[in-house]
Amino acid sequence: MPVDKAEFDDVRSFELHEPADVLDTDKLYTIPELARLLQGLPVDAELSDFNESVFIDWAIPWMIYYQDDLVFAEPDAEDVVGLYGLDG
């Protein structure tokens, strides 16, 4: 159900981080790791399943938006779908 904005003291504008601002050029990351970095968290931060799911929901459109700046690699491990990082 919609909530009136007036009920909140802290309503902020939406801002996307540039890939180079959050990713190390020499590393590749899983989507959950990218999601944590986009929230300003360490890649190994403990999250509830709910929070991780919400962060991933934000990360995937971000990856599509910045697709020209990103690369991906197929990992050796079967339990990891893909690894992503900065192009170049």
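# Reading contacts, rings, pockets and the core

Me: With which residues is Arg 36 in contact, leaving aside its neighbours within four places in sequence?

Reply: Contact means heavy atoms within 4.5 Å. Leaving aside neighbours within four places in sequence, Arg 36 is in contact with Leu 41, Pro 42, Val 43, Asp 44, Ala 45, Leu 47 and Glu 52. Please note that this is a predicted model, in which local features need pLDDT of at least 70 and side-chain atom pairs count only at pLDDT 80 or more, while totals for chains, interfaces and linings use all residues. Residues are numbered from 1 along each chain as its sequence is written, and side-chain values use heavy atoms, with hydrogens and water left out.

Me: Is Arg 36 buried or exposed?

Reply: A residue is buried under 20% relative accessible area, exposed over 50% and partly exposed in between (1.4 Å probe, protein chains only). Arg 36 counts as buried because its relative accessibility is 9%. Arg 36 lies in helix α2 (residues 31–38); helices (H or I, at least four residues) and strands (E, at least two) are DSSP runs, numbered from the N terminus. Met 1, by contrast, is exposed, with a relative accessible area of 95%, and its place is in the segment before α1 (19–22).

Me: How many aromatic pairs does the structure hold?

Reply: Rings of Phe, Tyr and Trp (its six-membered ring) pair if their centres lie within 6.5 Å; planes under 30 degrees apart count as stacked, over 60 as edge-to-face and the rest as tilted. The structure holds three such pairs. One of them joins Tyr 65 and Tyr 66, edge-to-face, at 4.9 Å centre to centre and 85 degrees between the planes. Tyr 65 is exposed at 58% relative accessibility, whereas Tyr 66 is buried at 8%. Another pair, Phe 72 with Tyr 84, is tilted, with 6.3 Å centre to centre and 35 degrees between the planes. This pair links distant parts of the chain, since Phe 72 is in strand β1 (residues 70–73) and Tyr 84 in strand β2 (residues 83–86), 12 residues apart. Trp 62, Tyr 65 and Tyr 66 form one aromatic cluster.

Me: Which residues line the second largest pocket?

Reply: Rolling a probe the size of a water molecule over the atoms shows where empty space is left. On a 1 Å grid over the protein atoms alone, a pocket is an open set of points where a 1.4 Å probe fits, with protein on both sides within 12 Å along at least five of seven lines; lining residues have an atom within 4 Å of a point. The lining here is Ile 31, Ile 60, Met 63, Ile 64, Gln 67, Leu 70, Val 71, Phe 72 and Tyr 84.

Me: Which residues have the most contacts inside the largest nonpolar core?

Reply: In soluble globular proteins, nonpolar side chains tend to be buried together. A nonpolar core is a set of buried Ala, Val, Leu, Ile, Met, Phe, Trp, Tyr and Cys residues joined through side-chain atoms within 4.5 Å. The largest core has 16 residues, and Leu 23, Leu 34, Trp 62, Met 63 and Leu 70 have the most contacts inside it. α2, α3 and β2 are the elements that give two or more residues to this core, and α3 gives the most, with five residues. Not counting residues up to four places away in sequence, Trp 62 touches residues including Leu 23, Leu 34 and Leu 70.
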